[in-house]
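Please look through the sequence and the structure below before reading on.

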Amino acid sequence: MEPTAPAALPVLLADVAGPAALGPGDVALRLGAVLLAFLTLPLLVGQAEHKVMAHMQGRVGPMHAGRFHGWAQLVADGVKFAQKEDTVPAGADRTVFRLAPAVALLPYFVVLVAIPLGPGTLVGQVIDAGVFFVLAVLGLGVLGQLMGGWASANKYSLLGGMRTAAQLMAYELPLLLAAASVVMAAGTLSLTGILDAFQWWWVPWQIIGGIVFFVAGIAELHRPPFDAPLAPEEIIFGAFTEYSGLRFALFLLAEYAGIVVVSALTAVLFLGGWHGPFADQLGWLWMLLKTAALCFLVIWARVAWPRLRVDQIQKLAWTVLVPLALAQIALTGVVKVVIS
Amino acid sequence: MSPGTPAVLSAVPPTALPTAADGSPGFLSPSGVEIVFVLVGVVVLGAAVLCVTTPRLVRAALYLVVALGGLAVQYLLLTAEFIAWVQVLIYLGSVVVLLLFGLMLTKAPTGPSPDANSPARPVALVVAGAAAVLLMVLVVDAFRTTWIDLETPHGLTADLGTSMFRHWVLPFEALSLLLLAALIGAIVVSRRHAPGATDGAVPGSGNGAASGAVPGPRDRVGGEG
């Protein structure tokens, strides 16, 4: 990804004594680096999805834009979206309709601030209750889709909004329970604290919780096979049916930013984040590699499985994921008591 | 993030000395945090008033988002970081989503619904005003001479956990019992109508759906990946 940010941060941070010595310039640099990651990583995932999906289906995907294997395809898409007319339906609640894409997109940027990229202070912002923070803000993104679904004054949008809300309520619980298991293991709610306490055998120990967390995260993003709230063959495009142009692009960008955030969170909580050989120097690389591998799994899942029905989605959450997450918490508790 | 929150920037308590120790601070020459606190308070109040006066039902729920989010910012300004995130997680992330979901199941229109106003509005206004004045007098009188030291974070998770599970275990357990009772009560109430309601809800699809309120798609399932 962007080579400047990880290289510049440790140099600057080397002479900063501790978190108490944060200057305004340092804060600006960190926010700038996070913004850069926020603007580039989702596009990288989007481009990877184009190419990976194509090759999995025996196609080559975009080849022409930018001359080299279509690397500029998403830039071209962005230009196309910007040129399109930005329409608002006559019966819509105009203010809410226009505000919705921003509400859907912004939480992912805020979450990215708290995710540690490397050891020490290589993180946008150390937050004491980091796990709580990221999960709380992550849940806000859905408000944008509900606003869009309601304000469009369209029955398909409304159906999509209802499915979105039902899906969020079902998958929020396993997501929180799985994260709580890691929190119990580490004895801290701080994301940097969890990584400081991480041992390699946590990966097999927390693997059930990790799978539950990842699946529930994909479901909250409405990625296939959990994309019943969008379901182009049933309800056109769910809450986004009436959107066009740049606002529609913002909704799509939110989806890809969500993939990055959920993958990064899974990597931090269950795969040890920056831990790996030469973690002091290469920690950021391990973190990015783990995140990229998980993003690849998200894309793979889209190609591999057909869409689940609404009732199947609910059934999976309540009868499989919630019991599994509870079992993981029990296992964590037992092991924790035994080894202490 | 609000700019005036130095306390939440660090997980480790900063080494700065508590400045408010000598002499009681006054209302004159307010600090930046206090100014932001008042401004956010005005926003919360405005959003709360709009929430109960707007004729559009969904906008009322969205104003509620603003009001509850503003309260989370207030918690942050008072260095109660954990409570702030809990506020966002529970109220913004879950309660409002539940509210919006409930609203979507009704026939409320996208535009204004003027018939939603109750004729008891003046009475409600009087009662709400009286309650607000009473609470204001009570809180101001009780905490007039109490000052919070904003230099040291008060709401760290570890401190909160220690006090909750060392000193407040009994109330905590009593509360969880109350919530459990409410949960069981809700299940009992909803099951009373079960035989008639669930039969027709999702015909033909797997009948183990946990949420019968979701209209199941009766048409074909999209086979495209």
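UniProt positions are given here in the numbering used for this structure, feature names are shortened, and annotations may be inferred rather than shown by experiment. With that in mind, an unreviewed UniProt entry places the feature "transmembrane region" at residues 35–53, 60–77, 83–103, 123–148 and 168–189 of chain B. For chain A, an unreviewed UniProt entry gives "transmembrane region" at residues 29–46, 99–117, 129–152, 173–195, 201–219, 248–272, 284–304 and 316–339.

For the complex, the predictor gives an ipTM of 0.76 and a pTM of 0.78. Chain A has a mean pLDDT of 83, with 93% of its residues at 70 or more. In chain B the mean pLDDT is 74, and 72% of the residues reach 70 or more.

Where in chain A is confidence lowest, and where is it highest? The lowest mean, 40, belongs to helix H1 of chain A (residues 4–13), and the highest, 92, to H10(A). Residues 1–21 of chain A stay under 50 in pLDDT, and the model has 31 contacts beyond four places in sequence for them. Among the elements of chain B, helix H7 of chain B (residues 194–197) has the lowest mean pLDDT, 54, while helix H6 of chain B (residues 169–191) has the highest, 91. Two stretches of chain B also stay under 50. One covers residues 1–22 of chain B, with 37 contacts beyond four places in sequence; another covers residues 199–225 of chain B, with 53 such contacts. Where pLDDT is low, the predicted coordinates should not be read in detail.

Next, some of the annotated regions can be set against the model. Residues 29–46 of chain A are 100% helix and 0% strand, and the end C-alpha atoms lie 26 Å apart. In chain B, residues 83–103 are 100% helix and 0% strand, and their end C-alpha atoms are 28 Å apart. Residues 168–189 of chain B are 95% helix and 0% strand, with end C-alpha atoms 32 Å apart.

The helices of chain A also pack against one another. Helix H4 (residues 94–114) and helix H6 (residues 141–151) of chain A have axes 7 Å apart and pack at an angle of about 165°. Angles over 145 degrees count as roughly antiparallel, so H4(A) is roughly antiparallel to H6(A). Their crossing is left-handed. From H4(A) the contact includes A:Val96, A:Phe97 and A:Tyr108, and from H6(A) it includes A:Leu143, A:Met147 and A:Ala151. The residues of this contact between H4(A) and H6(A) divide into 12 nonpolar, 4 polar and no charged.

Helix H7 of chain A (residues 155–186) takes part in two further pairs. With helix H10 of chain A (residues 207–220), the axes of H7(A) come within 8 Å and cross at roughly 150°. That angle makes H7(A) roughly antiparallel to H10(A). H7(A) passes H10(A) in a left-handed crossing. Among the residues that meet are A:Leu168, A:Tyr171 and A:Val182 in H7(A), and A:Val212, A:Phe213 and A:Glu220 in H10(A). By class, the contact of H7(A) with H10(A) has 11 nonpolar, 4 polar and 1 charged residues.

How are the axes of H7(A) and helix H14 of chain A (residues 310–339) arranged? H7(A) and H14(A) pack at an angle of about 10°, with their axes 9 Å apart. That makes H7(A) roughly parallel to H14(A). The contact of H7(A) with H14(A) has 19 nonpolar, 6 polar and 2 charged residues.

Two backbone details remain. Most residues other than glycine have a negative phi, and most peptide bonds are trans. A:His69 is not a glycine, yet its phi is positive, at about 50°. A:His69 sits in the loop between helix H2 (24–56) and helix H3 (73–83) of chain A. The bond joining A:Pro224 and A:Pro225 is a cis peptide bond, with omega about 5°. A:Pro225 lies in the loop between H10 and helix H11 (232–235) of chain A.

Technical notes: Residues are numbered from 1 along each chain as its sequence is written. Chains are lettered from A and ligands numbered from 1 in the order in which they are written. This is a predicted model: local features need pLDDT of at least 70, side-chain atom pairs count only at pLDDT 80 or more; totals for chains, interfaces and linings use all residues. Axes are lines fitted to C-alpha atoms, for helices over the stretch in contact, and angles run from 0 to 180 degrees between N-to-C directions. Helices (H or I, at least four residues) and strands (E, at least two) are DSSP runs, numbered from the N terminus. Angles under 35 degrees count as roughly parallel, over 145 as roughly antiparallel, 65 to 115 as roughly perpendicular and the rest as oblique. A crossing is left-handed if the near helix is turned anticlockwise from the far one by less than a right angle, and right-handed if clockwise. Two residues are in contact if their C-beta atoms, placed from the backbone, lie within 7 Å. Ala, Val, Leu, Ile, Met, Phe, Trp, Tyr, Cys and Pro count as nonpolar, Asp, Glu, Lys and Arg as charged, and the others, Gly among them, as polar. pLDDT is the predictor's confidence in each residue, from 0 to 100.
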